[in-house]
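Me: I would like to learn how to read a structure with two chains. Let us take one feature at a time.

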Amino acid sequence: MDRREALRSVAILLGTAISAGTTDMLFSSYTIPESEKNAVTFTADQLKTLTEIADVIIPTTKSSGGAKAAGVGKFIPMMINDCYTAKQQQSFYNGLNAFEARAKKTYKKSFALIPLVERKKMLTVLRQETLDQKANKVPEMVDITYFFTVVRDLTSLGYFSSEIGCTKAREYVAIPGSYDGAYPLKPGQKSWAT
Amino acid sequence: MNLNINLKAENTYDAIVVGSGISGGWAAKELTEKGLKVLMLERGMNIEHIKDYDGAMKNPWDIKHAGRLTEEMKRTHPVQKRDYPYNEVTEKWWVNDLECPYTEVKRFDWYRGFHVGGKSLMWGRQSYRFGDLNFEENAKDGYGSDWPIRYKDLSAWYDYVEKFAGISGQNEGLQEILPDGQFLPPMDLNIVEKSVKESIKQKWGNERLLTIGRVANLTVPHNGRGNCQYRNLCSRGCPFGAYFSTQSSTLPAAVETGNLTLRPYSIVNHIIYDKDTKKAKGVAVIDALTNKTMEFYAKIVFVNGSTLGTTFILLNSTSEAHPNGLGNGSGQLGHNLMDHHFRCGADGDFDGFEKYYTYGRRANGIYVPRFRNVGKDKRDYLRGFGYQGGASRQNWQKDVAELAFGTEFKEKMTTPGAWRMGMGGFGEMLPYYENRVYIDQTKKDKWGQPVLAIDCEYKENEKKMRQDMMNDAAEMLEAAGAKNIRTYDNGCHPGMAIHEMGTARMGKDPKTSVLNEWNQMHEVKNVFVTDGACMPSIGCQNPSLTFMALTARAADHAVNELKKGNL
């Protein structure tokens, strides 16, 4: 067993890159014994919406393509179907629909078709609502805030394990061949992908 | 009649080795090299070196679920999923818990791998000798039975196995606590670890020491195997053969002798006892694929089925002469189960090293040998603990606002951030008679065998020790100038360290122990147990190197006894 891995996972939990809320959800899902695959099915339009949400969460920057280019739009529904309980899948699905309904109500269009500045605005509002929900616990907000937490985490997970995320946004060396514990940090040095 | 005789001849060997993990591989190597015809039985599938390491060369983006468990994996692995070793990439190497259930009288996380190589493929590779402090402590404080051997009995065998296995590390001259060894060049400490090492030395002098982990990863090519490439993906199997496993090391040596027969999918159900000779005459096997039963015969039997796997076989080997399990006249078989307790320590940030990063992924960390209850130090608990851990440079993720997203989030997640160092204690657990396993006849596994019930818990001594495990780490980090120091105790259940030991202990007295000083059953002289089951106490060191040394020593003794006609 790799003990350093255990330590690292502790360290990761400390950071807010993965939120405490999601950690709870990950662990709570560990108690479900039945086969739960594919409790929900995503339509082509929903995939588009997920793709555009992911691309706001991790956008294209100077160095590298964003979540859309990295294929995170397909990664998210696959993960939802394979790695979440039926109840969680349904909650995520309901949250996605509620979010999309907001776009249609405000802009008369799917989230995927509104301007980028409006997409950012919608997600900024939802982020704040998700933070507030921790204290408020409004029943009607359960699904949509769960959706935001999970879509953000899966975007991050999918992106930083993608080829673009590893080799362009971060730096990846498949076979380092040696170890240097005092490696001079170069200007513009990116984090290592592992 | 003839048919039976022929069948028996075909199924007869000089020695049978039950299990192919770290100790079984060593038994097979030693016995075949000494000229014995050996049958090695493995209950699971075969895994061929390099060829069958499916995940070894996968990039992060080749891993479908980014390492996360699917609901189906959780469903079929309700125990294995409890901790991180079971993951998407090494999934096949951990048992399907539904096929081989056990009874948890109290929570016990039993991590098992049924395949050639056993846990030698997935192990943590940390390799430390036990010192006389460890061998003498049972006798001194009265817990458990006295070890029938001392360090001097084992030191040459440690030399022997280290030279073959290839252990990298640094000699530090701590003879009583953590003896030096035959090491390949050590891996490097990184710049923060070196600074912490220096601070500890300044504050505690010779009382405390930080050193690089002693690890069964090759820092230079060794015995035809390649050196470590610093990928830190060991548990997927190493295509360079750079860490010790059955596949990379002992199995090729045994095969080369021409004396080895390896039979996978062979579940040993019990050892066949011959009441006339008062010896084992062989083993009864269930073919895991066909469920057919068969028998194999040999002059000696080495039981290396992993601590609890071995004890299950012994408990299940009942006869008129051994109604409570083979060689269990002492009543100690199944008792004194131990595991290290860990998941407890401290971590902190280090400023001042921003100009440095690391290159390569070192498959190793730091080690702080035990310093509690050593020399004049006396605590309100017995025994002690060592630390493992390391420093690394994180991303800026901890500066990310909760649930943040967008360009700034991406930048922070891709830029080297603060250095952080963690130290986690590994504590000794005392041997308690009441921590035990026994056979539960009310449940059956996939092959119709009864199952083990496990009744084991940590007690007050372990709980008290955990306070020091947190505080001492924090104290050392503080002395080294760490900031944002946090102590943690993430809780621990027996089994989690995957260092389960005991249940067939060695000892001088047949009335109070199962095995003698040669790992030989007091009551059945041609049966040897050299895996974790044999341990009368567990120290705080990672134990596999000790299993290797005990195995090589026992094999040497067994062959000598065979030659003398004593077996």
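Me: In which sense do β1(A) and strand β10 of chain B pair, and over how many bridges?

Reply: Strands count as paired if DSSP finds at least two bridges between them. Here β1(A) and β10(B) (residues 356-359) pair in the antiparallel sense, over 3 bridges. One bridge partner in β10(B) is Y359(B), facing D180(A). A caution first: this is a predicted model, where local features need pLDDT of at least 70, side-chain atom pairs count only at pLDDT 80 or more, and totals for chains, interfaces and linings use all residues. Residues are numbered from 1 along each chain as its sequence is written, with chains lettered from A and ligands numbered from 1 in the order in which they are written.

Me: How many residues of chain A are in contact with chain B?

Reply: Contact means C-beta atoms, placed from the backbone, within 7 Å. By that rule, 63 residues of chain A touch 63 residues of chain B. The largest share of chain A's side, 9 residues, comes from α1(A).

Me: How many helices and strands does chain A have?

Reply: Both are DSSP runs, numbered from the N terminus: helices are H or I, at least four residues, and strands are E, at least two. Chain A has 8 helices and 1 strand.

Me: Why is E118(A) classed as partly exposed?

Reply: Count other C-beta atoms, placed from the backbone, within 10 Å of the residue's own: 20 or more is buried, 12 or fewer exposed, in between partly exposed. E118(A) has 15, so E118(A) is partly exposed. E118(A) sits in helix α6 of chain A. Across chain A, buried residues make up 39% of the 194 residues.

Technical notes
Contact = placed C-beta atoms within 7 Å.
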